[in-house]
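My entries follow the model shown here.

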Amino acid sequence: MEFFRCLAKRRKHGEYWAYDSTSISSYSEQLNQVKYGHNKDHEPLPQLNLLLLYGESSNLPFYYRKLAGNISDVKTVRTRIADVEPLGVKKVKLLMDRGFYSSENIDSMLANHYKFLIGTSTKLAEVKRILLSYIKKQMQEHAMFSKYTMSSLLDELDVIERVHIPGKTPIVREILNKQIQIYKNMAVKPPIDALS
């Protein structure tokens with residue numbers, strides 16, 4: 001643990017910590033932590049998971065942990081938060097992808113007074129409520145209800161043609177001026193960067 005305390009002292013004050021994991025596939029039959037789990041590379045092999053905390057602006061890692069391959073990302077958060085306390089770091093700010101989201105993890109981070117930014121699925125009822133509330137507010141502020149219902153506005157944006165090529169950024173093939181205006185009224189950048 002002393003090694004991790006020294007690494008933690010090198011991090012930049014006030015930076016966010018990226019909290020992420022990766023899996024390492026293995027043919028080993030001798031390592032106890034090599035287990036079958038959710039393989040991110042879709043390889044039909046057992047794996048070892050590696051959890052890493054590193055500073056988002058310094059790009060310096062300061063904590064890692066080997067975990068059994070059958071432990072999902074979402075199950076690591078509360079235990080690893082307890083591991084951070086002995087490092088002597090104050091004002092924890094975490095940045096995590098949606099694989100770590102659960103209401104229990106949110107409760108745990110709030111209970112520890114951690115600041116955090118975590119991805120979530122837009123299928124969650126609370127996320128849907130917030131998004132629809134924002135859309136309604138923007139529609140009211142920009143007098144859009146005279147032209148659209150909320151449903152017809154979302155349908156209008158749903159017809160933007162996107163091409164998805166595996167391993168590449170999705171390409172927008174065509175976007176109409178009225179669709180660009182809807183995005184601007186919503187205070188959201190239109191997806192026109194990919195147009196050439």
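**Entry 1: helices α5 and α6**

I first looked up the axes of helix α5 (residues 150–158) and helix α6 (residues 177–185), which come within 10 Å and cross at roughly 120°. This makes α5 oblique to α6, since angles under 35 degrees count as roughly parallel, over 145 as roughly antiparallel, 65 to 115 as roughly perpendicular and the rest as oblique. The axes are lines fitted to C-alpha atoms, for helices over the stretch in contact, and angles run from 0 to 180 degrees between N-to-C directions. Helices (H or I, at least four residues) and strands (E, at least two) are DSSP runs, numbered from the N terminus.

I note that this is a predicted model, in which local features need pLDDT of at least 70 and side-chain atom pairs count only at pLDDT 80 or more, while totals for chains, interfaces and linings use all residues. Residues are numbered from 1 along each chain as its sequence is written, and side-chain values use heavy atoms, with hydrogens and water left out.

I recorded the crossing of α5 with α6 as left-handed; a crossing is left-handed if the near helix is turned anticlockwise from the far one by less than a right angle, and right-handed if clockwise. From α5, Leu153, Glu156 and Leu157 meet Lys178, Gln179, Ile182 and Tyr183 of α6, contact meaning heavy atoms within 4.5 Å. By class, this contact of α5 with α6 has four nonpolar, one polar and two charged residues. Here Ala, Val, Leu, Ile, Met, Phe, Trp, Tyr, Cys and Pro count as nonpolar, Asp, Glu, Lys and Arg as charged, and the others, Gly among them, as polar.

Which residues of α5 are buried? I found Leu153, Glu156 and Leu157, where buried means under 20% relative accessible area, exposed over 50%, and partly exposed in between (1.4 Å probe, protein chains only). They cover an arc of only 95° around the axis, which puts them on the same side of α5; the arc is that of the directions from the helix axis to the C-beta atoms. The buried residues of α5 pack against α4 (125–141) and α6.

In α6, I listed Gln179, Ile180, Ile182, Tyr183 and Asn185 as buried. Glutamine 179 has a relative accessible area of 2%. Leaving aside neighbours within four places in sequence, glutamine 179 is in contact with Glu156, Leu157, Val159 and Ile160.

**Entry 2: leucine 87**

I located leucine 87 in the loop between α2 (77–84) and β4 (93–96). Is leucine 87 buried or exposed? Leucine 87 is buried, with a relative accessible area of 4%. Not counting residues up to four places away in sequence, leucine 87 touches Met1, Phe4, Arg5, Ala8, Phe62 and Tyr63.

**Entry 3: positive phi values**

Most residues other than glycine have a negative phi. I therefore noted histidine 113, with a positive phi near 60°, in the loop between α3 (103–111) and β5 (115–118); histidine 113 is exposed, with a relative accessible area of 70%. Alanine 143 has a positive phi near 50° and lies in the loop between α4 and α5. Alanine 143 is exposed, with a relative accessible area of 55%. Alanine 187, which follows α6, has a positive phi near 60°.
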